[in-house]
Amino acid sequence: MQVAALQIPARFDRASENLALVDSLLPKCAADLVLLPETSLTGYVSPDGDFDLTRFAEPRDGPTAIALAALAKKHATHLFGPLVERDGAHVYNAMLGFDPSGAEILHYRKRHPWYPETWATPGDAPHPCITILGMRVTLAICFDIHFGELPDADVLLFPSAWVESNGESLRPELLRATKMNVVNANWGVGEPRVSGQGDSCIMHASGEVAAVSGSFAACRLRPSRSFSRRP
């Protein structure tokens with residue numbers, strides 16, 4: 001399975017521009033599965049330090065879902081992208097996945113919003129596990145990685161808006177500890193500029209980094225006992 005992680009630069013309240021960028025990058029990836037970073041369409045935080053994304057909240061079947069489904073179908077890929085989701089009185093930091101026909105195959109709400117994400121209600125469903133081209137795929141969003149709740153799978157999709165406070169990244173160590181193939185799409189350098197941006201990657205379960213992102217990273221993953229936590 002050819003996989004790709006897109007590294008979308010930090011841009012706040014520029015969803016149409018970010019969707020157009022995704023549309024332009026997808027043909028270059030030529031991937032069976034493509035992952036976008038956490039909240040990368042709306043932006044994670046404004047240049048003024050505003051973390052509240054409530055203004056961008058929309059239903060699960062709203063404009064963002066329609067746009068992502070259309071891109072998955074247009075480019076004949078499995079596309080996973082972010083949604084600031086409103087459900088009644090609650091707003092969630094969520095991810096949606098669509099197959100090459102544009103059908104929804106994954107819906108996940110971040111179980112562990114990071115401390116500044118006071119707008120986000122914690123999701124109460126477990127991490128998903130679906131099968132794509134013979135490989136078991138799960139997903140966790142950024143801060144989720146610290147809580148050890150992941151199911152057994154061949155591939156971990158890891159969208160992030162990673163922040164480092166001490167200048168030393170813990171992300172590679174945490175991803176290696178999963179002992180899964182990892183597709184990590186992280187937010188790129190933009191406005192604001194934050195320590196921890198960049199360095200999206202694809203990592204084999206052995207811990208070897210197979211590809212590092214500029215605008216995107218891509219490589220081929222295969223089901224293998226040596227790349228799985230299965231006994």
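1. A search of the whole structure finds zero disulfides, a disulfide being a pair of cysteine sulfur atoms within 2.5 Å. For Cys142, the closest cysteine sulfur belongs to Cys201 and is 13 Å away, too far for a bond. Cys201 is likewise in no disulfide, the nearest cysteine sulfur being that of Cys219, at 9.8 Å. Cys142 is buried, with a relative accessible area of 8%, and Cys201 also counts as buried, at 8%. Buried here means under 20% relative accessible area, exposed over 50%, and partly exposed in between (1.4 Å probe, protein chains only).

2. Basis of the values. This is a predicted model, in which local features need pLDDT of at least 70 and side-chain atom pairs count only at pLDDT 80 or more, while totals for chains, interfaces and linings use all residues. Residues are numbered from 1 along each chain as its sequence is written, and side-chain values use heavy atoms, with hydrogens and water left out.

3. Backbone. Which residues does a cis peptide bond join? They are Glu191 and Pro192, with omega at about 5°. Pro192 is placed in the loop between strand 9 (181-186) and strand 10 (201-203). Helices (H or I, at least four residues) and strands (E, at least two) are DSSP runs, numbered from the N terminus.

4. Positive phi. Thr39, a residue other than glycine, has a positive phi near 45°. Thr39 lies in the loop between strand 2 (33-35) and helix 2 (63-74) and is buried, at 2% relative accessible area. Ala76 is not a glycine either, and its phi is positive at about 50°. Ala76 is found in the loop between helix 2 and strand 3 (78-87) and is exposed, with a relative accessible area of 53%.

5. Cavity. The structure holds one cavity of 30 Å³ or more, and about 50 Å³ of space lies in the largest cavity. On a 1 Å grid over the protein atoms alone, a cavity is a set of points where a 1.4 Å probe fits but cannot get out, and lining residues have an atom within 4 Å of a point. The volume is the space filled by probe spheres set on the points. Among the lining residues are Thr39, Tyr44 and Trp187. By class, the lining has five nonpolar, three polar and two charged residues; Ala, Val, Leu, Ile, Met, Phe, Trp, Tyr, Cys and Pro count as nonpolar, Asp, Glu, Lys and Arg as charged, and the others, Gly among them, as polar.

6. Aromatic pairs. There are six aromatic pairs in the structure. Rings of Phe, Tyr and Trp (its six-membered ring) pair if their centres lie within 6.5 Å; planes under 30 degrees apart count as stacked, over 60 as edge-to-face and the rest as tilted. One of the pairs is Phe12 with Phe56, edge-to-face at 5.4 Å centre to centre and 75° between the planes. Phe12 lies in the loop between strand 1 (2-6) and helix 1 (15-29) and Phe56 in the loop between strand 2 and helix 2, so this pair ties together parts 44 residues apart in sequence. Phe12 counts as buried at 13% relative accessibility, and Phe56 counts as buried at 13%.

7. Tyr44 and Trp187. The ring centres of Tyr44 and Trp187 are 5.6 Å apart with planes at 75°, so the pair is edge-to-face. Because Tyr44 lies in the loop between strand 2 and helix 2 and Trp187 in the loop between strand 9 and strand 10, the pair ties together parts that are 143 residues apart in sequence. Both residues, Tyr44 and Trp187, are buried. Together with Phe51, Tyr44 and Trp187 form one aromatic cluster.

Terms used
On a 1 Å grid over the protein atoms alone, a cavity is a set of points where a 1.4 Å probe fits but cannot get out, and a pocket is an open set with protein on both sides within 12 Å along at least five of seven lines; lining residues have an atom within 4 Å of a point.
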